[in-house]
Amino acid sequence: MIKVIEWVSGKIRLLDQTRLPWEEVFLELEDYRQVASAIKEMRVRGAPAIGIAAAYGMALGAQGIEAASKEEFMSKLGTVSQALSATRPTAANLFWALERMKQTAEAIEDVAQIKAALLKKAQKLEVENEEADRKLSKYGAELIKDGFTILTHCNTGALATAGYGTALGAIKAAKEEGKKIHVFVTETRPLLQGARLTTWELAGEGIPFTLITDAMVGHFLSQGRIDCVIVGADRIAANGDVANKIGTYNLAVLAMENGVPFYVAAPSSSIDLSLPSGDEIPIEERSPEEVTRIEGIPIAPVGVEVANPAFDITPHIYITAIITEKGVVREPYEVRLRKILSL
Ligand code: MRU
């Protein structure tokens, strides 16, 4: 499994996902501001991977802090955290990871000890994240029967989690269990995470797949070619509404219309009980150039008006089940999400 994020001799080594599948380029980041830029520019992406990158970014920023007191240290660490949190607003895992890093620092008095503890904590979060991936992938694989054709959107594999994967993890686990499966992969406009990254990961795993454009999903669902849809999540609200890559909502509605189960696979770190519903989840708006260009090549007249929301909200009524490392949750989500988070 490729190492997406790694701490090497006081620096962060990061696989640049904007260059995939053409080149495997690793960046060496020695400043937390570079980590913030890498998250913003989606060199590292996918909600859980963003969380892990931010945790390492905090550890990196902490190493460079000079402070005469804990109070001064915490104030400077706040600046680091602020820079990392101002990158991508939708992924719950980013804020979840930063909060855990802050709590780690708060619990220790000695500044040198805090620095060491923050690095250890980032490494621990990475390990726990992968454990969660593997557990939820096993639960997800139970829903995938031998002979299934599964439709997935965006990229939710090792690249997106810096672990084993979520929706794609369940697909990988089903294959590892010996099930004969086929995957339909949406290209995922505008940044082509499906076409560039999911196909790259599936090819590497030897899992057969078919790449389709986003607009083809209704066609294939209505033809009875898809047995289930599995996607990831960037944030899950208390009532089970899910923010995920733009186009997920279309998929969920079309899946229900055609009687196809629609599953969301995500670690519990993507669940945000502080938000009652999807209406409160902030949706990231990205640059117009991502829509007017593909890989730098213009596809629209200069200066056209563009909208580019990176995510949409799928209301919980369309979701057959949410697969987490703590189990598979079905309606009523409001009660059951709260219950699994307290486990
Ligand atoms: O904009 P991205 O590429 O970071 O969006 C990624 C997604 O929407 C994924 O589906 C989600 O983060 C889950 S990743 C396991």
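Me: Which helix gives the most to the lining of the second largest pocket?

Reply: In this predicted model, that helix is α5, with five residues. Helices α2, α4 (92-106) and α5 (111-142) each contribute at least two residues to this lining.

Me: What volume does the second largest pocket have, and which residues lie closest to its centre?

Reply: The volume of the second largest pocket is about 220 Å³. Its lining comprises 16 residues, and W96, L125, E128, N129 and S269 are the closest to the centre. By class, seven of the lining residues are nonpolar, five polar and four charged. Domain 1 (5-133) and domain 2 (137-341) each supply at least three residues of this lining.

Me: How should I read the relation between the two domains, and how many residues are in contact?

Reply: Contact here means heavy atoms within 4.5 Å. On that basis, 31 residues of domain 1 touch 33 residues of domain 2. The centres of the two domains, taken over C-alpha atoms, are 25 Å apart.

Me: Where does the largest pocket lie relative to domain 1 and domain 2, and why?

Reply: The origin of the lining residues decides the matter: both domain 1 (5-133) and domain 2 (137-341) contribute to the lining of the largest pocket, so this pocket lies between them. The space in the largest pocket is about 430 Å³. Among its 18 lining residues, T18, E41, L191, E290 and E295 are the closest to the centre. Helix α11 (289-292) and strand β12 (293-294) are the elements that give two or more residues to the lining.

Me: How many lining residues of the largest pocket are charged?

Reply: Eleven are charged, while five are nonpolar and two polar.

Me: Which residues line the second largest cavity?

Reply: Its lining includes M42, P190, L191 and Q193. Further lining residues include K245, I246, R286 and E290, as well as N308, P309 and A310. Six members of the lining are nonpolar, two polar and three charged. The second largest cavity contains about 50 Å³ of space.

Me: In what order do the strands of the open sheet run, and is the pairing parallel or antiparallel?

Reply: The sheet consists of three strands in the order β1-β2-β3, with antiparallel pairing. Strands β1 (5-8) and β3 (26-29) are at the edges, each pairing on one side only. On average, neighbouring strands are turned by 25° against each other, direction ignored. Strand β1 pairs with β2 (residues 11-15) over four bridges, and V8 stands opposite K11 in β2. Helix α1 (residues 32-40) packs on this sheet and touches β2 and β3, its direction making about 145° with that of β3.

Methods: Residues are numbered from 1 along each chain as its sequence is written. This is a predicted model: local features need pLDDT of at least 70, side-chain atom pairs count only at pLDDT 80 or more; totals for chains, interfaces and linings use all residues. Side-chain values use heavy atoms; hydrogens and water are left out. On a 1 Å grid over the protein atoms alone, a cavity is a set of points where a 1.4 Å probe fits but cannot get out, and a pocket is an open set with protein on both sides within 12 Å along at least five of seven lines; lining residues have an atom within 4 Å of a point. Grid points are joined across faces, edges and corners, and a volume is the space filled by probe spheres set on the points. Ala, Val, Leu, Ile, Met, Phe, Trp, Tyr, Cys and Pro count as nonpolar, Asp, Glu, Lys and Arg as charged, and the others, Gly among them, as polar. Two strands pair if DSSP finds at least two bridges between them. Axes are lines fitted to C-alpha atoms, for helices over the stretch in contact, and angles run from 0 to 180 degrees between N-to-C directions. Domain bounds come from an automatic or database domain assignment.
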